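Hi,

Here is the structure we talked about. Please open it alongside this note.

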Amino acid sequence: MQISRRRAILGTTAMAGTVVLGNYFSARGAEAAGVLDAQIPAQSPLGMEGDLKNPREITSVGGRFRTELNMVIARHDLPYASASLRLYEGEIPAPTFRVSPGDEIEITLHNRFPSNPDSDPVLNTPNQFNSTNLHFHGFHVSPKGNSDNVYLQINPGESFNYLVQLPEDHPAGNYWYHPHRHGSVAVQVASGCGGMMIVRGTLDDVPAVAEAIERVMVFQCPVVDPSSGEVDSYDTIWNLDSERFWLVNGEYQPKIYMREGEVQHWRWLNAGDEQFLPMTLDGLELHEIGFDGNPYDHARLTNKVEIAPGNRSNLMVRAPKVGVYDLLRPAFTQGKTDLPEVHMAQVIVLPADTDRIASDVKKGTRIPEGPLPKNAVLTDITDAEITNHRQIVLGVKETPGMYKDVVFTLNGEPFDPSRDDIVAKLGEAEEWEFVNTTPFPHPIHVHVNPMQVTHINGEALAYKHWQDTIAVPAAGTATVRMRFTEFDGRFVMHCHILPHEDLGMMLNVNIEA
(Lines give C-alpha, C1' and ligand atoms only; values in the text may rest on other atoms or scores of the structure.)
Protein backbone atom coordinates (compact mmCIF):
# COMPACT_ATOMS: atom_id res chain seq x y z
CA MET A 1 0.00 0.00 0.00
CA GLN A 2 1.33 3.39 -0.94
CA ILE A 3 1.07 5.96 1.85
CA SER A 4 1.67 9.51 0.68
CA ARG A 5 1.31 12.87 2.35
CA ARG A 6 1.07 16.13 0.41
CA ARG A 7 1.63 19.37 2.26
CA ALA A 8 0.60 21.73 -0.50
CA ILE A 9 -2.97 22.54 -1.49
CA LEU A 10 -2.03 22.31 -5.16
CA GLY A 11 -0.23 19.48 -6.95
CA THR A 12 0.38 18.00 -10.40
CA THR A 13 -0.67 14.75 -12.06
CA ALA A 14 -0.69 13.20 -15.52
CA MET A 15 -3.67 12.73 -17.82
CA ALA A 16 -5.79 9.58 -17.94
CA GLY A 17 -9.35 8.84 -18.94
CA THR A 18 -10.46 5.58 -17.37
CA VAL A 19 -13.43 5.07 -15.07
CA VAL A 20 -12.44 3.45 -11.79
CA LEU A 21 -14.55 1.19 -9.60
CA GLY A 22 -13.39 0.56 -6.04
CA ASN A 23 -12.76 -2.61 -4.07
CA TYR A 24 -15.17 -2.64 -1.21
CA PHE A 25 -13.96 -3.15 2.33
CA SER A 26 -15.83 -5.98 4.05
CA ALA A 27 -16.33 -7.13 7.62
CA ARG A 28 -14.38 -10.27 6.68
CA GLY A 29 -11.45 -8.13 5.57
CA ALA A 30 -11.59 -6.20 8.84
CA GLU A 31 -11.61 -9.42 10.83
CA ALA A 32 -8.60 -10.74 8.92
CA ALA A 33 -6.75 -7.53 9.74
CA GLY A 34 -7.54 -7.88 13.43
CA VAL A 35 -10.10 -5.06 13.35
CA LEU A 36 -13.25 -5.29 15.45
CA ASP A 37 -15.55 -2.69 13.88
CA ALA A 38 -19.16 -3.83 13.61
CA GLN A 39 -20.95 -3.27 10.30
CA ILE A 40 -24.70 -2.94 9.84
CA PRO A 41 -26.18 -3.13 6.33
CA ALA A 42 -28.50 -0.46 4.98
CA GLN A 43 -31.93 -1.37 6.31
CA SER A 44 -35.31 -0.05 7.37
CA PRO A 45 -35.30 0.73 11.11
CA LEU A 46 -38.85 -0.69 11.17
CA GLY A 47 -37.80 -3.85 9.33
CA MET A 48 -40.39 -3.35 6.59
CA GLU A 49 -40.23 -3.43 2.80
CA GLY A 50 -40.56 -0.08 1.04
CA ASP A 51 -39.58 1.96 4.10
CA LEU A 52 -36.66 4.41 3.85
CA LYS A 53 -33.46 2.60 4.82
CA ASN A 54 -30.85 3.98 7.16
CA PRO A 55 -27.44 4.11 5.42
CA ARG A 56 -24.97 1.29 5.92
CA GLU A 57 -23.20 1.78 9.23
CA ILE A 58 -19.75 1.05 10.65
CA THR A 59 -19.29 1.35 14.41
CA SER A 60 -16.29 1.43 16.70
CA VAL A 61 -15.66 -1.37 19.18
CA GLY A 62 -13.52 -1.25 22.31
CA GLY A 63 -12.32 2.31 21.81
CA ARG A 64 -11.12 1.82 18.24
CA PHE A 65 -12.57 2.57 14.80
CA ARG A 66 -10.72 1.21 11.77
CA THR A 67 -11.84 1.12 8.17
CA GLU A 68 -10.76 1.65 4.57
CA LEU A 69 -12.46 4.29 2.45
CA ASN A 70 -12.26 4.08 -1.35
CA MET A 71 -13.01 7.16 -3.45
CA VAL A 72 -14.27 5.84 -6.77
CA ILE A 73 -16.27 6.86 -9.82
CA ALA A 74 -19.48 4.84 -9.90
CA ARG A 75 -22.59 4.82 -12.07
CA HIS A 76 -25.94 5.70 -10.54
CA ASP A 77 -29.33 6.30 -12.14
CA LEU A 78 -30.59 9.70 -11.05
CA PRO A 79 -34.13 10.95 -11.75
CA TYR A 80 -32.92 12.78 -14.85
CA ALA A 81 -29.67 11.08 -15.91
CA SER A 82 -27.49 8.00 -15.68
CA ALA A 83 -24.55 9.55 -13.88
CA SER A 84 -20.87 8.93 -13.20
CA LEU A 85 -20.39 10.21 -9.66
CA ARG A 86 -17.35 10.72 -7.43
CA LEU A 87 -18.27 8.80 -4.27
CA TYR A 88 -16.96 7.11 -1.15
CA GLU A 89 -17.33 3.36 -1.67
CA GLY A 90 -19.55 4.07 -4.69
CA GLU A 91 -22.46 4.70 -2.28
CA ILE A 92 -24.99 7.55 -1.88
CA PRO A 93 -24.66 8.47 0.92
CA ALA A 94 -21.38 7.07 2.21
CA PRO A 95 -21.60 4.74 5.22
CA THR A 96 -22.51 6.23 8.60
CA PHE A 97 -19.63 6.08 11.08
CA ARG A 98 -20.64 5.70 14.75
CA VAL A 99 -17.95 6.33 17.36
CA SER A 100 -17.58 7.22 21.05
CA PRO A 101 -15.67 9.92 22.95
CA GLY A 102 -12.11 8.77 23.53
CA ASP A 103 -12.05 6.55 20.41
CA GLU A 104 -9.02 6.26 18.18
CA ILE A 105 -10.23 6.63 14.58
CA GLU A 106 -8.06 5.23 11.80
CA ILE A 107 -9.25 5.57 8.19
CA THR A 108 -7.15 4.69 5.16
CA LEU A 109 -8.35 6.83 2.26
CA HIS A 110 -7.66 5.40 -1.20
CA ASN A 111 -8.02 7.80 -4.15
CA ARG A 112 -9.01 5.50 -7.03
CA PHE A 113 -9.99 8.30 -9.42
CA PRO A 114 -8.40 8.67 -12.86
CA SER A 115 -5.60 11.19 -13.25
CA ASN A 116 -6.35 14.91 -13.46
CA PRO A 117 -6.36 16.39 -16.97
CA ASP A 118 -5.13 19.77 -15.66
CA SER A 119 -1.55 19.84 -14.40
CA ASP A 120 -1.10 23.56 -13.65
CA PRO A 121 -4.00 24.61 -11.40
CA VAL A 122 -4.75 28.24 -10.50
CA LEU A 123 -5.52 29.04 -6.86
CA ASN A 124 -9.15 30.05 -6.14
CA THR A 125 -10.45 28.61 -9.39
CA PRO A 126 -12.04 25.18 -9.99
CA ASN A 127 -9.23 22.69 -10.59
CA GLN A 128 -7.99 19.09 -10.30
CA PHE A 129 -11.40 17.54 -9.67
CA ASN A 130 -9.84 14.12 -9.02
CA SER A 131 -7.54 15.19 -6.16
CA THR A 132 -9.00 15.06 -2.69
CA ASN A 133 -8.59 14.78 1.08
CA LEU A 134 -10.83 14.08 4.09
CA HIS A 135 -12.44 16.45 6.63
CA PHE A 136 -14.22 15.53 9.87
CA HIS A 137 -16.83 18.28 9.96
CA GLY A 138 -17.52 19.62 13.46
CA PHE A 139 -14.96 17.44 15.27
CA HIS A 140 -12.91 19.02 18.06
CA VAL A 141 -9.65 17.29 17.17
CA SER A 142 -6.13 18.18 16.07
CA PRO A 143 -5.84 19.93 12.68
CA LYS A 144 -2.23 18.82 12.24
CA GLY A 145 -0.31 15.91 10.70
CA ASN A 146 -2.54 13.01 9.69
CA SER A 147 -5.52 14.16 11.78
CA ASP A 148 -8.17 16.63 10.50
CA ASN A 149 -5.67 18.33 8.21
CA VAL A 150 -7.38 19.93 5.22
CA TYR A 151 -4.13 21.23 3.75
CA LEU A 152 -3.27 17.71 2.57
CA GLN A 153 -3.75 16.65 -1.04
CA ILE A 154 -4.29 13.00 -1.99
CA ASN A 155 -3.83 12.60 -5.74
CA PRO A 156 -5.25 9.84 -7.98
CA GLY A 157 -3.57 6.52 -7.25
CA GLU A 158 -2.43 7.59 -3.79
CA SER A 159 -3.52 6.43 -0.33
CA PHE A 160 -3.28 8.17 3.01
CA ASN A 161 -3.74 6.94 6.56
CA TYR A 162 -5.78 9.31 8.75
CA LEU A 163 -5.48 8.90 12.52
CA VAL A 164 -7.86 10.99 14.63
CA GLN A 165 -7.98 10.87 18.43
CA LEU A 166 -11.33 11.94 19.90
CA PRO A 167 -10.97 13.56 23.33
CA GLU A 168 -12.54 11.71 26.25
CA ASP A 169 -14.92 14.66 26.77
CA HIS A 170 -15.74 15.20 23.08
CA PRO A 171 -19.32 16.46 22.66
CA ALA A 172 -21.75 13.81 21.46
CA GLY A 173 -24.03 14.36 18.49
CA ASN A 174 -24.30 14.48 14.69
CA TYR A 175 -21.21 15.25 12.63
CA TRP A 176 -20.14 14.29 9.11
CA TYR A 177 -17.20 13.62 6.83
CA HIS A 178 -16.56 14.89 3.31
CA PRO A 179 -13.79 15.97 0.90
CA HIS A 180 -12.14 19.33 1.54
CA ARG A 181 -9.46 19.89 -1.10
CA HIS A 182 -9.59 23.53 -2.17
CA GLY A 183 -10.56 23.74 -5.84
CA SER A 184 -12.37 20.40 -6.07
CA VAL A 185 -14.50 20.26 -2.92
CA ALA A 186 -17.67 21.66 -4.52
CA VAL A 187 -17.63 19.21 -7.44
CA GLN A 188 -16.99 16.21 -5.16
CA VAL A 189 -19.67 17.10 -2.58
CA ALA A 190 -22.11 18.04 -5.39
CA SER A 191 -21.47 14.54 -6.71
CA GLY A 192 -22.81 13.02 -3.46
CA CYS A 193 -19.54 12.40 -1.63
CA GLY A 194 -20.14 12.50 2.14
CA GLY A 195 -21.59 10.62 5.08
CA MET A 196 -22.87 11.05 8.64
CA MET A 197 -20.64 10.60 11.68
CA ILE A 198 -22.36 10.05 15.03
CA VAL A 199 -20.61 10.44 18.38
CA ARG A 200 -22.49 8.44 20.98
CA GLY A 201 -23.79 9.96 24.23
CA THR A 202 -25.80 12.86 25.67
CA LEU A 203 -29.16 12.77 23.83
CA ASP A 204 -28.83 8.99 23.28
CA ASP A 205 -29.28 8.50 27.02
CA VAL A 206 -32.51 10.51 27.35
CA PRO A 207 -35.21 7.83 27.94
CA ALA A 208 -37.70 9.33 25.44
CA VAL A 209 -34.97 9.37 22.78
CA ALA A 210 -33.53 5.94 23.59
CA GLU A 211 -36.91 4.22 23.27
CA ALA A 212 -37.63 5.75 19.84
CA ILE A 213 -36.78 4.40 16.41
CA GLU A 214 -33.74 6.28 15.06
CA ARG A 215 -33.54 7.44 11.46
CA VAL A 216 -30.35 8.78 9.89
CA MET A 217 -31.40 11.01 6.99
CA VAL A 218 -28.75 12.45 4.66
CA PHE A 219 -30.02 15.03 2.13
CA GLN A 220 -27.96 15.26 -1.07
CA CYS A 221 -28.55 16.54 -4.59
CA PRO A 222 -26.02 15.11 -7.05
CA VAL A 223 -25.61 17.55 -9.93
CA VAL A 224 -24.43 16.37 -13.34
CA ASP A 225 -24.56 17.50 -16.94
CA PRO A 226 -27.69 15.64 -18.20
CA SER A 227 -26.17 15.16 -21.65
CA SER A 228 -23.01 13.43 -20.41
CA GLY A 229 -23.99 12.26 -16.92
CA GLU A 230 -20.74 13.71 -15.58
CA VAL A 231 -19.41 16.73 -13.70
CA ASP A 232 -16.27 17.75 -15.53
CA SER A 233 -17.12 21.43 -15.85
CA TYR A 234 -17.82 23.83 -12.99
CA ASP A 235 -20.52 25.41 -15.15
CA THR A 236 -22.73 22.42 -14.30
CA ILE A 237 -22.95 23.30 -10.59
CA TRP A 238 -22.23 27.02 -10.61
CA ASN A 239 -25.78 28.38 -10.75
CA LEU A 240 -27.64 28.13 -7.48
CA ASP A 241 -30.72 26.94 -9.39
CA SER A 242 -28.88 24.33 -11.51
CA GLU A 243 -30.90 21.14 -12.02
CA ARG A 244 -30.96 19.47 -8.60
CA PHE A 245 -33.02 16.46 -7.56
CA TRP A 246 -32.83 15.98 -3.80
CA LEU A 247 -32.17 12.47 -2.55
CA VAL A 248 -32.79 11.17 0.97
CA ASN A 249 -30.30 8.40 1.78
CA GLY A 250 -29.80 8.02 -1.97
CA GLU A 251 -33.53 7.60 -2.70
CA TYR A 252 -35.68 10.01 -4.69
CA GLN A 253 -38.92 10.96 -2.91
CA PRO A 254 -38.87 7.90 -0.62
CA LYS A 255 -41.60 6.68 1.71
CA ILE A 256 -41.11 6.93 5.47
CA TYR A 257 -43.40 4.85 7.68
CA MET A 258 -44.63 5.56 11.19
CA ARG A 259 -47.35 4.20 13.45
CA GLU A 260 -50.20 6.27 14.87
CA GLY A 261 -49.07 7.85 18.12
CA GLU A 262 -45.42 7.00 17.46
CA VAL A 263 -42.48 9.34 18.09
CA GLN A 264 -39.28 8.76 16.08
CA HIS A 265 -35.82 10.33 16.46
CA TRP A 266 -34.60 11.74 13.13
CA ARG A 267 -30.99 12.81 12.56
CA TRP A 268 -30.82 15.22 9.60
CA LEU A 269 -27.77 16.30 7.57
CA ASN A 270 -27.73 18.83 4.73
CA ALA A 271 -24.86 17.37 2.69
CA GLY A 272 -25.64 19.43 -0.41
CA ASP A 273 -23.17 21.75 -2.04
CA GLU A 274 -24.97 25.10 -1.87
CA GLN A 275 -28.75 25.16 -1.36
CA PHE A 276 -30.38 25.85 2.01
CA LEU A 277 -33.11 23.50 3.24
CA PRO A 278 -36.03 25.09 5.10
CA MET A 279 -38.18 22.00 5.80
CA THR A 280 -41.85 21.53 6.73
CA LEU A 281 -43.97 18.48 7.54
CA ASP A 282 -47.51 19.74 8.03
CA GLY A 283 -49.79 17.41 9.99
CA LEU A 284 -47.01 15.92 12.11
CA GLU A 285 -45.36 17.42 15.18
CA LEU A 286 -41.71 18.46 14.89
CA HIS A 287 -39.81 18.89 18.15
CA GLU A 288 -36.22 20.05 17.60
CA ILE A 289 -33.90 18.76 20.35
CA GLY A 290 -30.45 19.61 18.96
CA PHE A 291 -28.52 21.39 16.23
CA ASP A 292 -25.06 20.75 14.77
CA GLY A 293 -24.77 17.86 17.22
CA ASN A 294 -25.40 19.88 20.37
CA PRO A 295 -28.56 19.50 22.48
CA TYR A 296 -30.94 22.40 22.89
CA ASP A 297 -31.90 23.35 26.44
CA HIS A 298 -35.30 21.69 25.92
CA ALA A 299 -37.41 20.18 23.13
CA ARG A 300 -38.83 22.95 20.93
CA LEU A 301 -42.05 22.53 18.98
CA THR A 302 -41.64 24.08 15.53
CA ASN A 303 -43.34 24.11 12.12
CA LYS A 304 -40.14 24.64 10.13
CA VAL A 305 -36.56 23.41 10.50
CA GLU A 306 -33.86 25.30 8.61
CA ILE A 307 -30.56 23.62 7.83
CA ALA A 308 -27.97 25.41 5.71
CA PRO A 309 -25.34 23.42 3.83
CA GLY A 310 -23.27 21.58 6.45
CA ASN A 311 -25.85 21.88 9.26
CA ARG A 312 -27.34 18.94 11.16
CA SER A 313 -30.52 18.71 13.25
CA ASN A 314 -31.93 16.29 15.82
CA LEU A 315 -35.73 16.00 15.72
CA MET A 316 -38.39 14.10 17.61
CA VAL A 317 -41.26 13.58 15.14
CA ARG A 318 -44.72 12.63 16.41
CA ALA A 319 -47.46 11.12 14.22
CA PRO A 320 -50.81 12.05 15.84
CA LYS A 321 -53.09 10.29 13.37
CA VAL A 322 -53.24 7.94 10.40
CA GLY A 323 -52.65 9.61 7.04
CA VAL A 324 -50.18 10.56 4.31
CA TYR A 325 -48.01 13.64 4.81
CA ASP A 326 -45.45 15.46 2.69
CA LEU A 327 -41.95 16.40 3.81
CA LEU A 328 -41.37 19.58 1.80
CA ARG A 329 -38.81 22.22 1.16
CA PRO A 330 -41.19 25.12 0.46
CA ALA A 331 -40.42 27.61 -2.29
CA PHE A 332 -38.18 30.38 -0.93
CA THR A 333 -35.63 32.97 -1.98
CA GLN A 334 -31.96 32.32 -1.21
CA GLY A 335 -30.28 35.66 -1.62
CA LYS A 336 -31.46 36.90 -5.02
CA THR A 337 -32.41 33.45 -6.35
CA ASP A 338 -35.95 32.09 -6.25
CA LEU A 339 -35.92 28.35 -5.56
CA PRO A 340 -38.98 26.13 -6.16
CA GLU A 341 -40.83 23.88 -3.76
CA VAL A 342 -39.26 20.43 -3.51
CA HIS A 343 -41.06 17.26 -2.45
CA MET A 344 -38.44 15.52 -0.30
CA ALA A 345 -40.32 12.45 0.97
CA GLN A 346 -43.76 11.06 1.82
CA VAL A 347 -44.53 10.09 5.41
CA ILE A 348 -47.16 7.36 5.75
CA VAL A 349 -48.70 6.90 9.18
CA LEU A 350 -50.19 3.43 9.67
CA PRO A 351 -52.75 2.40 12.31
CA ALA A 352 -51.25 1.75 15.74
CA ASP A 353 -52.14 -1.95 15.49
CA THR A 354 -50.82 -2.45 11.94
CA ASP A 355 -49.60 -5.95 11.10
CA ARG A 356 -47.12 -4.57 8.55
CA ILE A 357 -44.60 -3.90 11.32
CA ALA A 358 -43.53 -6.71 13.65
CA SER A 359 -44.92 -6.43 17.16
CA ASP A 360 -41.45 -6.60 18.73
CA VAL A 361 -40.17 -3.47 16.91
CA LYS A 362 -39.74 -0.77 19.53
CA LYS A 363 -42.10 2.19 19.52
CA GLY A 364 -41.40 5.46 21.26
CA THR A 365 -44.35 7.61 22.22
CA ARG A 366 -42.85 10.41 24.32
CA ILE A 367 -41.31 13.82 23.69
CA PRO A 368 -38.48 14.67 26.15
CA GLU A 369 -39.79 16.86 28.95
CA GLY A 370 -37.81 19.32 31.04
CA PRO A 371 -34.18 20.33 30.53
CA LEU A 372 -32.10 18.30 28.08
CA PRO A 373 -28.60 17.23 29.15
CA LYS A 374 -25.76 19.48 28.07
CA ASN A 375 -22.54 18.50 26.40
CA ALA A 376 -20.47 19.16 29.51
CA VAL A 377 -17.57 21.06 27.91
CA LEU A 378 -19.88 23.49 26.08
CA THR A 379 -20.49 26.01 28.86
CA ASP A 380 -21.37 29.65 28.23
CA ILE A 381 -18.45 31.88 27.27
CA THR A 382 -18.58 34.89 29.59
CA ASP A 383 -17.65 38.50 28.88
CA ALA A 384 -14.71 38.15 31.28
CA GLU A 385 -13.19 35.34 29.20
CA ILE A 386 -13.00 37.34 25.96
CA THR A 387 -9.44 38.41 25.15
CA ASN A 388 -10.03 39.80 21.66
CA HIS A 389 -12.81 41.06 19.39
CA ARG A 390 -12.53 40.65 15.62
CA GLN A 391 -14.66 41.69 12.66
CA ILE A 392 -14.62 39.41 9.60
CA VAL A 393 -16.09 40.90 6.43
CA LEU A 394 -17.66 38.61 3.82
CA GLY A 395 -17.36 39.91 0.29
CA VAL A 396 -17.11 39.30 -3.43
CA LYS A 397 -15.15 41.25 -6.00
CA GLU A 398 -14.67 41.37 -9.73
CA THR A 399 -11.32 39.87 -10.72
CA PRO A 400 -10.70 39.50 -14.46
CA GLY A 401 -9.17 36.21 -15.49
CA MET A 402 -10.63 34.20 -12.61
CA TYR A 403 -13.64 31.90 -12.95
CA LYS A 404 -16.62 34.06 -13.99
CA ASP A 405 -14.23 36.98 -13.36
CA VAL A 406 -14.98 36.91 -9.61
CA VAL A 407 -13.41 35.84 -6.34
CA PHE A 408 -15.11 35.60 -2.95
CA THR A 409 -13.27 37.17 -0.05
CA LEU A 410 -12.91 37.35 3.71
CA ASN A 411 -11.60 40.70 4.97
CA GLY A 412 -11.10 41.76 1.38
CA GLU A 413 -8.76 38.93 0.34
CA PRO A 414 -9.30 35.55 -1.34
CA PHE A 415 -7.74 32.44 0.18
CA ASP A 416 -3.95 32.07 0.33
CA PRO A 417 -2.77 28.84 2.02
CA SER A 418 0.58 30.41 2.94
CA ARG A 419 -0.88 33.38 4.83
CA ASP A 420 -1.93 33.42 8.51
CA ASP A 421 -5.06 35.57 8.55
CA ILE A 422 -5.93 35.14 12.22
CA VAL A 423 -3.39 34.34 14.93
CA ALA A 424 -4.69 33.55 18.42
CA LYS A 425 -3.42 31.90 21.59
CA LEU A 426 -4.28 28.44 22.89
CA GLY A 427 -6.42 28.68 26.03
CA GLU A 428 -7.93 32.04 25.16
CA ALA A 429 -11.45 32.97 24.00
CA GLU A 430 -12.47 35.48 21.34
CA GLU A 431 -15.59 37.13 19.94
CA TRP A 432 -15.98 37.40 16.17
CA GLU A 433 -18.56 39.43 14.26
CA PHE A 434 -19.23 38.26 10.71
CA VAL A 435 -20.34 41.17 8.51
CA ASN A 436 -21.94 40.11 5.22
CA THR A 437 -21.59 42.75 2.48
CA THR A 438 -23.14 40.51 -0.21
CA PRO A 439 -26.78 39.91 -1.21
CA PHE A 440 -26.42 36.17 -0.45
CA PRO A 441 -26.56 34.36 2.90
CA HIS A 442 -23.30 32.56 3.71
CA PRO A 443 -23.10 29.52 6.03
CA ILE A 444 -19.72 30.08 7.70
CA HIS A 445 -18.00 26.97 9.08
CA VAL A 446 -15.09 27.21 11.52
CA HIS A 447 -12.96 24.10 11.98
CA VAL A 448 -11.78 22.53 15.27
CA ASN A 449 -13.55 24.70 17.87
CA PRO A 450 -17.36 25.03 18.22
CA MET A 451 -18.94 28.49 18.17
CA GLN A 452 -21.46 29.90 20.61
CA VAL A 453 -23.79 32.14 18.59
CA THR A 454 -24.83 35.19 20.62
CA HIS A 455 -26.33 37.70 18.15
CA ILE A 456 -27.96 37.71 14.70
CA ASN A 457 -28.24 41.10 12.97
CA GLY A 458 -27.21 42.74 16.23
CA GLU A 459 -30.05 41.20 18.23
CA ALA A 460 -29.10 39.08 21.23
CA LEU A 461 -30.38 35.51 21.17
CA ALA A 462 -32.41 34.39 24.16
CA TYR A 463 -30.71 31.01 23.85
CA LYS A 464 -27.08 31.06 22.73
CA HIS A 465 -26.74 28.18 20.27
CA TRP A 466 -23.59 26.07 19.95
CA GLN A 467 -22.91 25.51 16.26
CA ASP A 468 -20.01 24.83 13.92
CA THR A 469 -21.73 26.33 10.85
CA ILE A 470 -23.62 29.60 11.18
CA ALA A 471 -25.79 31.09 8.41
CA VAL A 472 -24.84 34.76 8.18
CA PRO A 473 -27.87 36.59 6.72
CA ALA A 474 -27.63 38.41 3.39
CA ALA A 475 -26.39 41.94 4.09
CA GLY A 476 -26.53 41.04 7.78
CA THR A 477 -24.34 40.07 10.71
CA ALA A 478 -23.74 37.19 13.12
CA THR A 479 -21.71 37.31 16.33
CA VAL A 480 -20.05 34.23 17.82
CA ARG A 481 -17.67 33.33 20.63
CA MET A 482 -15.04 30.57 20.64
CA ARG A 483 -12.63 28.99 23.10
CA PHE A 484 -9.37 27.75 21.60
CA THR A 485 -8.84 24.66 23.72
CA GLU A 486 -6.59 21.57 23.57
CA PHE A 487 -5.32 21.89 19.98
CA ASP A 488 -2.83 24.31 18.48
CA GLY A 489 -2.01 24.50 14.79
CA ARG A 490 -3.42 25.90 11.55
CA PHE A 491 -6.93 25.33 10.26
CA VAL A 492 -9.50 27.14 8.14
CA MET A 493 -12.85 28.87 8.28
CA HIS A 494 -14.92 29.25 5.12
CA CYS A 495 -18.31 29.50 3.46
CA HIS A 496 -20.09 26.15 3.14
CA ILE A 497 -21.69 27.22 -0.10
CA LEU A 498 -18.85 25.25 -1.56
CA PRO A 499 -18.41 27.08 -4.88
CA HIS A 500 -17.81 30.20 -2.76
CA GLU A 501 -15.09 28.35 -0.83
CA ASP A 502 -13.41 27.10 -4.01
CA LEU A 503 -13.44 30.64 -5.38
CA GLY A 504 -11.71 32.12 -2.35
CA MET A 505 -14.08 32.58 0.63
CA MET A 506 -11.75 30.87 3.11
CA LEU A 507 -9.03 32.02 5.50
CA ASN A 508 -6.41 30.49 7.78
CA VAL A 509 -6.52 30.49 11.58
CA ASN A 510 -3.28 29.77 13.46
CA ILE A 511 -3.61 28.87 17.14
CA GLU A 512 -0.26 29.23 18.87
CA ALA A 513 0.61 27.19 21.96
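Below is what turned up, topic by topic.

**Ground rules**

This is a predicted model: local features need pLDDT of at least 70, side-chain atom pairs count only at pLDDT 80 or more, and totals for chains, interfaces and linings use all residues. Residues are numbered from 1 along each chain as its sequence is written, and side-chain values use heavy atoms, with hydrogens and water left out.

**The largest pocket**

Start with the open space. A pocket here is an open set of points on a 1 Å grid over the protein atoms alone, with protein on both sides within 12 Å along at least five of seven lines. A volume is the space filled by probe spheres set on the points, which are joined across faces, edges and corners. The largest pocket holds about 520 Å³. Its lining has 23 residues; a lining residue has an atom within 4 Å of a point. Nearest the centre are Phe-291, Glu-306, Ile-307, Gln-467 and Ala-471.

Strands are DSSP runs of E, at least two residues, numbered from the N terminus.

By class, the pocket lining has 14 nonpolar, five polar and four charged residues. Ala, Val, Leu, Ile, Met, Phe, Trp, Tyr, Cys and Pro count as nonpolar, Asp, Glu, Lys and Arg as charged, and the others, Gly among them, as polar.

**Cavities**

A cavity is a set of grid points where a 1.4 Å probe fits but cannot get out. There are three cavities of 30 Å³ or more. The largest cavity has about 90 Å³ of space. It is lined by 14 residues, with Gly-138, Pro-171, Tyr-175, Asn-294 and Pro-450 nearest its centre. That lining splits into six nonpolar, six polar and two charged residues.

**A four-stranded sheet**

Next, an open sheet with the strand order S4-S3-S6-S8 and mixed pairing. Strands S4 (82-88) and S8 (159-165) are at the edges, each with a single partner strand, so one side of each has no neighbour in the sheet. The twist averages 20 degrees from one strand to the next; axes are lines fitted to C-alpha atoms, and angles run from 0 to 180 degrees between N-to-C directions.

Strands S3 (64-77) and S6 (104-111) pair in the parallel sense over eight bridges. Two strands pair if DSSP finds at least two bridges between them. Met-71 stands opposite Asn-111 in S6.

Asn-70 is in S3. Asn-70 is buried at 2% relative accessibility, where buried means under 20% relative accessible area (1.4 Å probe, protein chains only). Asn-70 and Glu-306 are 32 Å apart, C-alpha to C-alpha, and 236 residues apart in sequence.

**Strand S27**

S27 (422-425) has a covered face, Ile-422 and Ala-424. Its uncovered face carries Val-423 and Lys-425. S27 pairs with S36 (506-512) in the parallel sense, over four bridges. The bridge partner of Ile-422 in S36 is Val-509.

Cys-221 is buried at 3% relative accessible area. For Cys-495, the nearest is the sulfur of Cys-221, 15 Å away. Cys-495 is buried too, at 0%.

Best wishes

Key:
Buried < 20%, exposed > 50% of the residue type's maximum accessible area, 1.4 Å probe, protein only. Disulfide = S-S within 2.5 Å.
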